[in-house]
Amino acid sequence: MSLTPELLLLLYCLAIALLSLAGGLLPNWVRMTHTRTQLVMSFVSGLMLGVAFYHLLPHSIALQPREYGADASVWWLMIGLIVMLLLLRMFHFHQHDFSEEEHEHHDHGSEHTHGLESASGGEHQHGHVLAHGGHSGPQALPAAHRLSWVGLALGLGVHTLIDGVALGAVMQGEVGRSAGLLGVGVFLAILLHKPLDAMSITTIMEAGGWSRRSRSLANLGFALLCPLGALLFFFGVDLLGDARHHAVAGALAFSAGAFICIALSDLLPEVHFHSHDRGKLTLAFLAGIILAYAIGGLEPAGVHLHGV
């Protein structure tokens, strides 16, 4: 039996929420070493880049009315890229902290930030948090950083809502189809990215001395944001009537810009900085792009070829 877009979206949302919740608990279960996290980031950056160019942007162009064509999609792509870049600069999110012990075994070659901005004017410091849940010292982060997770959570919250819009838009664009796995590329890019984001929030909160209950509530709230954005867009965009296609096409291109920005200005520079393991990190990045391209075979035939 083929799954309808509505049912498939609900399954996607459930999977994303559960894996995001697991990501917030990951430091208590698995020691996410520096190298492992860098490999995941490399793979996800390639996947997001491939999904943006192979799925989101072509889908947006296909949905645009003929009188607008690709120009409208490119404009929305640029808007999405700029908005996400401003969010990254404002909130400094996607901070992934690693084991101090493992950092000592790698040649960084120059100063770099994995921690938080200091309270005294924006200079960066290394405030590494042990991935298995402990701290690099009895006072791993100064008291001034106790609320630093709020900026992190706000930035990631807006970002994950945009992810939800991307998922809702790609599914809404294919209402009426029931063959193949609709939107599976966008789904996988979000699914594999959310655990790292959730881990960032709970790890920073723990370093700031927040209770387990507070961390659990923040983790739950973050896990529900992407499904909320996806469902609100999917079921709410029909209220726009004849303008629905414009909204869906614009949201897809906007999301493509956001994905490109995250991959190129956030995840990839984080990986490119490290001189060690270049071969493995490059292969992981290319594997993500290849997977994004191959995913097209799981979607319905002609998914990017129908116009309005």
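## Helix 1 and residue A15

A15 lies in helix 1 (residues 5-29); helices (H or I, at least four residues) and strands (E, at least two) are DSSP runs, numbered from the N terminus. The model is a predicted one, in which local features need pLDDT of at least 70 and side-chain atom pairs count only at pLDDT 80 or more, while totals for chains, interfaces and linings use all residues. Residues are numbered from 1 along each chain as its sequence is written, and side-chain values use heavy atoms, with hydrogens and water left out.

With a relative accessible area of 27%, A15 is partly exposed. On this scale, buried means under 20% relative accessible area, exposed over 50%, and partly exposed in between (1.4 Å probe, protein chains only). Leaving aside residues up to four places away in sequence, A15 touches F187 and L191, where contact means heavy atoms within 4.5 Å. A15 and L191 are 176 residues apart along the chain, and their C-alpha atoms are separated by 7.4 Å.

## Overall organisation

The chain contains nine helices and zero strands. Read from the N terminus, its elements follow the order α-α-α-α-α-α-α-α-α.

Of the 308 residues in the chain, 51% are buried. Among contacts between residues at least 6 apart in sequence, 85% join residues at least 24 apart. A separate example of spatial separation is given by V158, which is found in helix 5 (residues 148-172). V158 and M84 are 74 residues apart in sequence, with a C-alpha to C-alpha separation of 9.2 Å. V158 has a relative accessible area of 34% and is partly exposed.

## Helix 2 against helix 6

The axes of helix 2 (residues 34-63) and helix 6 (residues 184-207) come within 9 Å and cross at roughly 155 degrees. Axes are lines fitted to C-alpha atoms, for helices over the stretch in contact, and angles run from 0 to 180 degrees between N-to-C directions. The two helices, helix 2 and helix 6, are therefore roughly antiparallel to each other. In this classification, angles under 35 degrees count as roughly parallel, over 145 as roughly antiparallel, 65 to 115 as roughly perpendicular and the rest as oblique.

The crossing of helix 2 and helix 6 is left-handed. A crossing has this hand if the near helix is turned anticlockwise from the far one by less than a right angle, and is right-handed if clockwise. On the helix 2 side, T37, V40, M41, F43, V44, L47, M48, V51 and L56 take part, meeting G185, V186, L188, A189, L192, H193 and L196 in helix 6. By class, the residues of this contact comprise 13 nonpolar, three polar and no charged. Here Ala, Val, Leu, Ile, Met, Phe, Trp, Tyr, Cys and Pro count as nonpolar, Asp, Glu, Lys and Arg as charged, and the others, Gly among them, as polar.

## Helix 2 against helix 3

Helix 2 and helix 3 (residues 69-91) pack with their axes 8 Å apart, at an angle of about 140 degrees. Helix 2 and helix 3 are therefore oblique to each other, and helix 2 passes helix 3 in a right-handed crossing.

L57, S60 and I61 of helix 2 make the contact with A70, S73 and L77 of helix 3. The contact of helix 2 with helix 3 has four nonpolar, two polar and no charged residues.

## Helix 2 against helix 9

For helix 2 and helix 9, the axes come within 7 Å and cross at roughly 30 degrees. Helix 2 passes helix 9 in a right-handed crossing. The contact of helix 2 with helix 9 involves 14 nonpolar, eight polar and one charged residues.

## Aromatic pairs

The structure holds three aromatic pairs. Rings of Phe, Tyr and Trp (its six-membered ring) pair if their centres lie within 6.5 Å; planes under 30 degrees apart count as stacked, over 60 as edge-to-face and the rest as tilted. One of the pairs is formed by Y54 and Y293, edge-to-face, at 5.2 Å centre to centre and with 70 degrees between the planes. This pair links distant parts of the chain, with Y54 in helix 2 and Y293 in helix 9 (residues 278-294), 239 residues apart. Y54 counts as partly exposed at 38% relative accessibility, whereas Y293 counts as exposed at 59%.

Another pair joins F234 and F235: the ring centres are 4.9 Å apart and the planes stand at 80 degrees, so the pair is edge-to-face. F234 is buried, with a relative accessible area of 2%, whereas F235 is partly exposed, with 48%.
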